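Good morning, and thank you for coming. I shall present one structure today, and I ask you to keep the display in view as I speak.

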Amino acid sequence: MGGRLNNSFWYSLFTILLAILFLTNLWYGSVVIPWDDVLNSLFRSEDQSTYGIIVKQYRLPQAITAMITGMALSVAGLLLQTLFRNPLAGPSVLGISSGASFGVAIALLAGGGLGVSLLGSGGIFTGLIVIFAALLGALIVLLLILYASNHIGNIVTVLIIGIMIGYAVSALVGVLQFFSRAEELHAYVLWGLGSFSKTSLSQSVFLLIIGVVGILSSLLIIKPLNAVLLGEQYAKSVGVNTKRLQTIVIMISGFLIAITTAFTGPIAFIGLAVPHLARNFFQTSNHRILLPAIILMGGALTLLCNLIAKMPGYDTSLPINAVTSFIGAPIVIWVIIKRGRVKK
Amino acid sequence: MMDNMKVKIESLSTGFLLKRGARKVLHQKLDSQLSAGELVCILGPNGAGKSTLLKTLLGFELPLEGKVFFNEQELKSISVKEMAQLVAVVLTDKIDDIYLTAHEIISIGRYPYGGFTGKLSVEDIAQIKRAESQVGISHLTENVFSKLSDGEKQKVMIARAIAQDTPFIFLDEPVAFIDAPSKIGIMQLLHQLVEDTGKGILMATHDLDSALNYADRIWLLGTNGEWDEGKPDELLNSGKINRFFDKENISFDIENKRFSWTGK
């Protein structure tokens, strides 16, 4: 595998892979667009051909959203796995994606229950409301977790609170589902399956920019993250303010999860699997090597999943969560088994 | 600069706060000090409160009463960052990471120095190299830590503490779970470290052999709050070691320096 010999070689290779997968996502779909037209539509702003419109209005935003979501969730997963010192920690443990689901459930389902159907009020508007509802739900849970984290120093307690908030919120969503009408329920279920194709070009660029800001800020805590690998007390003994680090990690990862989930719905397994994949490939836990690797691999794997979801050879496409789970779950199982073997 | 460094304890009480304001007191009114250039052992049977005392001195646990001073500065007013340049530690906490190399772990000792990027400076690298050769592990620094033997792991952790370049090193049970030859190797190493660098070393241990043979002074802790201190020979000849360690039918034989069965 990768090994320590030449990390920059592997970084370059993964960057090229990422670029190829990105372009392939523009090229491939229900209509296969000739490469010339893909490039034309990218670099000529006045291109108004059908191909140009497909690429710019559908595939480009989808590819950007898939890439940045994969990167953001993978970084969040790594930070949380390090903070909680738990290989099964991932974006879902903070309950933030459940919070987003709850927000969307309120917007889609409760509205229906009150006789105000969001769905009737037109596409773009509904889309925006859903994004805001998800963001609001996610941020409320994030604030709750931060509050708990600041008042309860113990990290395992915070982990359990996060998971419990997730369960409690799911129960509320269940109640809302029970009382909602079929169309709204359908819309909610679809949202829960995740999708990279709900974003417009400007939304995807917006997501890209704030996603990159969040991801870059994680590079600032590489040093304390490495110290935390030795455990909380060793980290303290070399001068890490562990409580502050806990707050920063929850803020960065929570922010990344909240913004991506708002635009795409919950995306399973990417944030959990990619850190394991990178650790195993580069045979290291050193965040200075891992973080760049995880950013590249997270983007590439998610673009690959999106490509698979387009079901080459078939007329239909799969929900993205089905693909990420189908690929992510075996990766996690494989790594955990391998890890167990190493320990013995 | 290290010569005049001191850790001073003033009527310190260790223990825990329990529910509803109740307190579990382990030891009361401890007065003592640790100077640069000496190896002091906190010695006592299991459960006496050695680790609690050590962690109270580190600021990981709060004292129930009393004060701790590093030079003239009170522990309470020393930040985590400043503390990291005063004391390096070797703890009993298990490191469960399976990828970190010995070198990477030792490098974390340089955390208190340098900027946020964690890039090692020339000075950092020199300190790390020196620590590695001082401990005699230069040949295995590229090895994965989790695959080393317990003795080697402990040496890596000691090298990490040395690389942190502090006037004091505190160790919690550094020779528990280590075979006899490696144990002597590590005690010899700590002894040599005090001689060569003038650091002040404080180690908590239940291992009488190590403490009696290598400590300059011993702080003796008992399981019922008793406490004493002195040179190893004094404590041994005055029968205090026996008083703190002996159990029914088991006694420490001063001549042979080992425990023996005194019952039927």
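I begin with B:Asp165, which is partly exposed because 19 other C-beta atoms lie within 10 Å. On this scale a residue is buried if 20 or more other C-beta atoms lie within 10 Å of its own, exposed if 12 or fewer, and partly exposed in between, the C-beta atoms being placed from the backbone. This is a predicted model, in which local features need pLDDT of at least 70 and side-chain atom pairs count only at pLDDT 80 or more, while totals for chains, interfaces and linings use all residues. Residues are numbered from 1 along each chain as its sequence is written, and chains are lettered from A and ligands numbered from 1 in the order in which they are written.

Where is B:Asp165 found? B:Asp165 lies in the loop of chain B between α5 (150–163) and β7 (168–172). The helices (H or I, at least four residues) and strands (E, at least two) are DSSP runs, numbered from the N terminus. Phi of B:Asp165 is positive, near 55°, and the residue is not a glycine. Most residues other than glycine have a negative phi.

B:Ser11 is likewise a residue other than glycine with a positive phi, here about 30°. B:Ser11 sits in strand β1 (residues 6–17) of chain B. B:Ser11 counts as exposed, because 12 other C-beta atoms lie within 10 Å.

**Chain B as a whole**

Chain B has 9 helices and 12 strands. Its C-alpha trace spans about 60 × 40 × 40 Å along the principal axes. For 264 residues, a compact globule would have a radius of gyration near 18 Å, and the 19 Å of chain B agrees with this. That radius is taken over C-alpha atoms, and the globule rule is 2.2 Å times the number of residues to the power 0.38. Of the 264 residues, 40% count as buried.

Two residues are in contact if their C-beta atoms, placed from the backbone, lie within 7 Å. Among contacts in chain B between residues at least 6 apart in sequence, 67% join residues at least 24 apart.

**Where the chains touch**

**Two helix pairs in chain A**

In chain A, the axes of helix α8 (residues 201–218) and helix α11 (residues 242–264) come within 9 Å and cross at roughly 165°. This makes α8(A) roughly antiparallel to α11(A). Angles under 35 degrees count as roughly parallel, over 145 as roughly antiparallel, 65 to 115 as roughly perpendicular and the rest as oblique. The axes are lines fitted to C-alpha atoms, for helices over the stretch in contact, and angles run from 0 to 180 degrees between N-to-C directions. Residues making the contact include A:Leu207 and A:Ile210 of α8(A) and A:Phe255 of α11(A). By class, the contact of α8(A) with α11(A) has 7 nonpolar, 6 polar and no charged residues.

Helix α1 (residues 7–27) of chain A packs with helix α13 (residues 287–309) of chain A at about 25°, the axes being 9 Å apart. That makes α1(A) roughly parallel to α13(A).

Note on methods:
Nonpolar A, V, L, I, M, F, W, Y, C, P; charged D, E, K, R; others polar.
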